[in-house]
Amino acid sequence: QVQLVESGGGSVQTGGSLRLSCAASGRIYSTYVMAWFRQAPGKEREFVAGNKWSIRSTYYADSVKGRFTVSRDNAKNTLYLQMNSLKPEDTAVYYCNTGVAGLGTPGMYWGQGTQVTVSS
């Protein structure tokens, strides 16, 4: 069993920055993907960014490329999402996710989410 706790959300104005953290506990295997998803009111949940440490690769949704950066500190069991140049359309609840994941399929473990609000 894996537990994920997100933090770092808040309210900022357009162009501002936030850094989200996801603290993980339990056994995370080298084959697990760690990722961020988000869901805005009335919208479908969407993939934001992810990292597979075992092959040192990262993935980003087209909507956040060039603005968001995902990273991981294995010593602290923490996943980060650095969000720069924030836009109102980035407003959503952001969820940390990990587990065995394939194309189009998220991992089995989810955090409770942290709210990000970007005002204009």
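Author: Asn 51 is placed in strand β5; helices (H or I, at least four residues) and strands (E, at least two) are DSSP runs, numbered from the N terminus. The model is a predicted one, in which local features need pLDDT of at least 70 and side-chain atom pairs count only at pLDDT 80 or more, while totals for chains, interfaces and linings use all residues. Residues are numbered from 1 along each chain as its sequence is written, and side-chain values use heavy atoms, with hydrogens and water left out.

Asn 51 counts as buried because its relative accessibility is 6%, where buried means under 20% relative accessible area, exposed over 50% and partly exposed in between (1.4 Å probe, protein chains only). Its side chain makes a polar contact with the side chain of Arg 72 at 3.3 Å, and it also reaches the backbone oxygen of Ser 57 at 3.4 Å. A polar contact is a pair of N or O atoms within 3.5 Å; within protein, one must be able to donate a hydrogen and the other to accept it, and residues adjacent in sequence count only if both atoms are side-chain atoms. Apart from neighbours within four places in sequence, Asn 51 is in contact (heavy atoms within 4.5 Å) with Val 33, Met 34, Ser 57, Thr 58, Val 70 and Arg 72.

On a 1 Å grid over the protein atoms alone, a cavity is a set of points where a 1.4 Å probe fits but cannot get out, and a pocket is an open set with protein on both sides within 12 Å along at least five of seven lines; lining residues have an atom within 4 Å of a point. Grid points are joined across faces, edges and corners, and a volume is the space filled by probe spheres set on the points. Strand β3 (residues 18–26) gives the most to this second lining, with three residues.

The largest pocket has a volume of about 310 Å³. Its lining comprises 14 residues, with Phe 47, Ala 101, Gly 102, Leu 103 and Thr 105 nearest the centre. Strands β4 (33–39) and β5 (46–52) each supply at least two residues of that lining.

Strand β4 also holds Arg 38, which is buried because its relative accessibility is 5%. The side chain of Arg 38 makes polar contacts with the side chains of Tyr 94 (2.8 Å) and Ser 63 (3.4 Å).

As for the rings, the count comes to four aromatic pairs. Rings of Phe, Tyr and Trp (its six-membered ring) pair if their centres lie within 6.5 Å; planes under 30 degrees apart count as stacked, over 60 as edge-to-face and the rest as tilted. Tyr 32 and Tyr 109 form a tilted pair, 6.5 Å centre to centre with 45° between the planes. Tyr 32 lies in the loop between β3 and β4 and Tyr 109 in strand β10 (residues 109–110), so the pair ties together parts that are 77 residues apart in sequence. Tyr 32 is buried at 9% relative accessible area, and Tyr 109 is buried at 17% relative accessibility. Ring pairs link Tyr 29, Tyr 32 and Tyr 109 into a cluster.
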